[in-house]
Amino acid sequence: MHSSLRLLDPIITTAQITRDHGYMIYDTLLAMDSNMKVRPQMADWKVSDDRLTYTFTLRDGMKWQDGPPVTAEDCVASLKRWGQRDSMGQMLMDITASIEATDAKTITLRLKEPYAQVLESIAKPSQNVPFMMPKRLAETSADKPVPEQIGSGPFRFVTSEFQPGVKAVYEKNLQYVPRQESASWTAGGKVVKVDRVEWVTMPDTQTAVNALQSGEIDMLEAPLADLLPVLQADSDLVVSSLNEFGSLPYGRMNFLYPPFDNPKLRRAAFLAINQKDVLDAVIGNPKYYKLCGAIFGCGTPLAFDGGSETLVQGNGMAAAKKLVAESGYDGSPVVLMGASDIPVLMAQATVVAQSLRTAGFKVEIQSLDWQTIIGRRAVQRPPKDGGWSMFFSVFAGVDVLDPLVNVAINGRGRSNGWFGWYDDPGMEKLRGEYSRAVALDEQKRIAREIQTRAYDQVAFIPFGRFDVPSVWRKSIRGLLPGAAVPVFWNVEKAD
């Protein structure tokens, strides 16, 4: 996989590897198909004529992996916990009057006013996915990890074989009853056709490639672009993209402490960065990357380049130096967290460090493995006390498609915001306006205002888009392309 696995609770982190783990063992009330249409998954739904009441009815045959049946009370507790952490869930809960289990199979959600994004929120395929958990686990505080990994999904987690950062093992959940529809993205019948799936960590990509070619492993999710010619020449391998919306690398600053609590210095850092420099280091081959300043994804309905000119053109360094000089920057060190075990993340940190130094910042790169960064980025202490100034990661394109799902523009600050704790009531007002807009033209207008504000405040710094395919042996069939979520139901392995 693209990363090792240590954090297991997909509600307390937006790490994609933890999301991927969630899809193995948990299920969702609703799901998204390959046409981006909301489909029933654990439940069907009805909407009242006034669009204020949504009624979800659980399907028959669902059990938790430790035996008890799935109940509406379990799902209500799961939705409430998710709604505390997820950017889109928070917006939904703001407008929710009540959510309750009206009987063992019925969940009733009542709104304060009509809201166009109810079903899309509950069906969202990425970031903090609203996975369903048993009530006893879902009642865990939303800032603490659940103590057990018990779901109702297609696989069960083999706790006894879990080696954090080394190996994760999943076995077919023999109690799982899949839907009858064909599998599509995260929707439809999650039919498991293998007995066991192992995620083995191999930080060195060349070692992983050798293991793939020898048959020691069956799939490599994220090979380095410069190794693709070798892989494409191997007749035993399939090289193909499973990610329709691409991957979007980015940097995120810490708004709580110097130097990036100062908007002038955030802006200076933004001006110093050149997307092409970053993408050349991350991917190298222009065949696999694209310069793009659209914070809601390149080529999407809300795509807009406004505000990104210096990023894309790479001509902001002189202005960056001027802002640093004018700001009274006192030399507070910029602590960048670089993921030593994920080359595409470490490359981002290395290039940005050099750009910031050229602009006049004092910079320190701290090389850590990605799972350590995932934990440390939640720390709200100053950089000198174990905190940080900036981290780097990659969004899947589906993670940023609109202002509600894009967690990096959540402006709820220290208490309810995302790591970095961007605090902007004006942004929250605009996101609220977007959530109530129905017509696409109105959504586009608001999305452009949001992008302009996000760049002005430097909510995050997008580095463009890259599209690097996955690779697997021809003995593997049935991998589902689509929403950048690698799923292992529907997959077969030939003898």
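How much space lies in the second largest pocket? About 560 Å³. This comes from a predicted model, in which local features need pLDDT of at least 70 and side-chain atom pairs count only at pLDDT 80 or more, while totals for chains, interfaces and linings use all residues. Residues are numbered from 1 along each chain as its sequence is written, and side-chain values use heavy atoms, with hydrogens and water left out.

On a 1 Å grid over the protein atoms alone, a pocket is an open set of points with protein on both sides within 12 Å along at least five of seven lines, and a lining residue has an atom within 4 Å of a point. Grid points are joined across faces, edges and corners, and the volume is the space filled by probe spheres (1.4 Å) set on the points. The second largest pocket is lined by 19 residues, and Met36, Gln117, Glu120, Leu401 and Asp402 are the closest to its centre. Sorted by class, its lining holds 13 nonpolar, two polar and four charged residues. Here Ala, Val, Leu, Ile, Met, Phe, Trp, Tyr, Cys and Pro count as nonpolar, Asp, Glu, Lys and Arg as charged, and the others, Gly among them, as polar.

Next come the sheets. Helices (H or I, at least four residues) and strands (E, at least two) are DSSP runs numbered from the N terminus, and two strands pair if DSSP finds at least two bridges between them.

E5 and E6 share six bridges, with Thr96 opposite Leu111 in E6. A hairpin of two residues takes the chain from E5 to E6.

A second open sheet has three antiparallel strands in the order E7-E8-E9. Strand E7 (155-157) and E9 are at the edges with a single partner strand each, so one side of each has no neighbour in the sheet. The twist here averages 25 degrees from one strand to the next. E7 and E8 pair over three bridges, and Phe155 faces Lys172 in E8.

The structure also holds 23 aromatic pairs. Rings of Phe, Tyr and Trp (its six-membered ring) pair if their centres lie within 6.5 Å; planes under 30 degrees apart count as stacked, over 60 as edge-to-face and the rest as tilted. Trp199 and Phe488 make a tilted pair, 6.2 Å centre to centre with 50 degrees between the planes. Trp199 is in strand E9 (residues 196-200) and Phe488 in the loop between strand E20 (476-477) and strand E21 (492-493), 289 residues apart.

Most residues other than glycine have a negative phi, and most peptide bonds are trans. Trp185, however, has a positive phi near 50 degrees, and the peptide bond from Pro258 to Pro259 is cis.

Definitions and conventions
Axes fitted to C-alpha atoms, helices over the stretch in contact; angles between N-to-C directions.
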